[in-house]
Amino acid sequence: MNHHDEGSGERSYEIKWAGFGLDDTTWHVESDIPHCGRLISEYWERIEAVGASLCCAVDEVPWAIWLNKDHTKASKEALEKELNAMTVKIFPGASEPRLVKLFDEEVGDLSGADVRTCLKGRYSNTIKRDGRHKSRIVAQDLKKFGRAEAKDVYAPTPGFISLRFLLAAAPRSKYNVSTTDFDTAYLQGNGHKDGARKLFKLWDESTKSWAWYWLTGYIYGEQPAGKNWKDTLAGQLESESMGFVESKNAPSTYYNPASKTRVSVHVDDPIVVTLKPSPGEPDAKDEFYLRLKERFDIKGVTELQGDVNIDYLSMTIGTCPDGNTTLCNPEFIDQLVSKAGLLGCNPAKTAITKDLLREIAAEVELGSFLSAEDKTKFQSLMGDINWLAQTTHPDVMVAASLLGKRCANPTTSCIK
């Protein structure tokens, strides 16, 4: 997604992982990712296509466009708004702003080692569909120059199997299903222990200059930021006022024995299941969010009902007229059908047949394997099908497993 020249001929890249969002990217020096040659080449092709050799992400706006005459005013306002939020606003759980600017005397006292080893950061700029300009300060926390221990960075997320069970065990006649958005979640994580500060220098492409700050807590892009956020949220849920316990075999899934409320949290995206209140009784949903607001800033609550769906991790949670809850991914399905060249075809009642498996086995005996090009196409389709089997379509799990065994040497009928 991004690149940064580290000096001495080294270059680092920011990587976005399939199935994760822009808040879960990681930085790696090129020598640490030897098998990403094709992705790096495609990245540079995209950069050249927009005529910008400056550091920018695929989903970001290049600085050359961000600062042109059509965007200058809105862009500078967005930069100022983000810097003001980071240097003035005190986030929940903190006692001072996330960035505290160094005095000139403090900058003058920095040693050469301080300058070389301090954490670097930059602005990440985007333009929303409605035209709003948004900027975010992110860290470039390179593992090569300081790999954090697994215990300090590992933040487990719930599996889709537990999410499906959660929804299946919550009939709409008895339960409410809802969600909320945390306002810049990672910045609401607990601050550095004992008031410890970290040296941070921020690059501003608009002024071509560095600015020096003390970093008082974790920000987006830092290795421990996800773990710190998970611990912060779990601490609030498991507090005496909220009374939740975390599942033993489904991480980041919580249960309240008293209210019967269940919560599944994928990083900062919660799905909350609460009992519908009886007449005259308090609503467990309202109580849950009231307690959550005691520690966190949230943007509002969306409740699953009627024609109101919940957008969740690129999927859609909805309801049928009979009250059943649905979990689907229509955009992904449409793209897969189109990719496979099956637009307009009739649906099949079974995902795979015994006759087709016999054909594949016979072709293996005859050595009738696919060409390199068709093999790549088959593997790409299988990747998509496996994703569906793990998320919204467990009914294709058996077919995916049987065909997956042929990925190394697929035959002609494997595509069929």
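**Exercise 1. Which residue is the bridge partner of G318 in β17?**

The model is a predicted one, in which local features need pLDDT of at least 70, side-chain atom pairs count only at pLDDT 80 or more, and totals for chains, interfaces and linings use all residues. Residues are numbered from 1 along each chain as its sequence is written, and side-chain values use heavy atoms, with hydrogens and water left out.

Step 1. Strands are DSSP runs of E with at least two residues, helices are runs of H or I with at least four, and both are numbered from the N terminus; two strands pair if DSSP finds at least two bridges between them.

Step 2. Strand β16 (residues 315–319) and strand β17 (residues 325–328) run antiparallel and are joined by four bridges, and the partner of G318 is T326.

Step 3. The two strands form a hairpin with five residues between them, and G323 in the turn has a positive phi of about 95°.

**Exercise 2. Determine the strand order of the five-stranded open sheet and the helix that packs on it.**

Step 1. The order is β4-β9-β8-β5-β6, with mixed pairing, and the edge strands, each pairing on one side only, are β4 (99–101) and β6 (133–140).

Step 2. Strand β5 (residues 119–127) pairs with β6 in the antiparallel sense over eight bridges, and G121 stands opposite A139 in β6.

Step 3. Helix α3 (residues 72–88) packs on the sheet and touches β4, β5, β6, β8 (198–204) and β9 (209–215), where contact means heavy atoms within 4.5 Å. The direction of α3 makes about 50° with that of β6; axes are lines fitted to C-alpha atoms, for helices over the stretch in contact, and angles run from 0 to 180 degrees between N-to-C directions.

**Exercise 3. Describe how α12 meets α13, and what α12 gives to the second largest pocket.**

Step 1. The axes of α12 (residues 372–390) and α13 (residues 397–404) come within 9 Å and cross at roughly 145°. The contact is made by F378, M382, I385, N386, A389 and Q390 of α12 and by M397, A400, L403 and G404 of α13.
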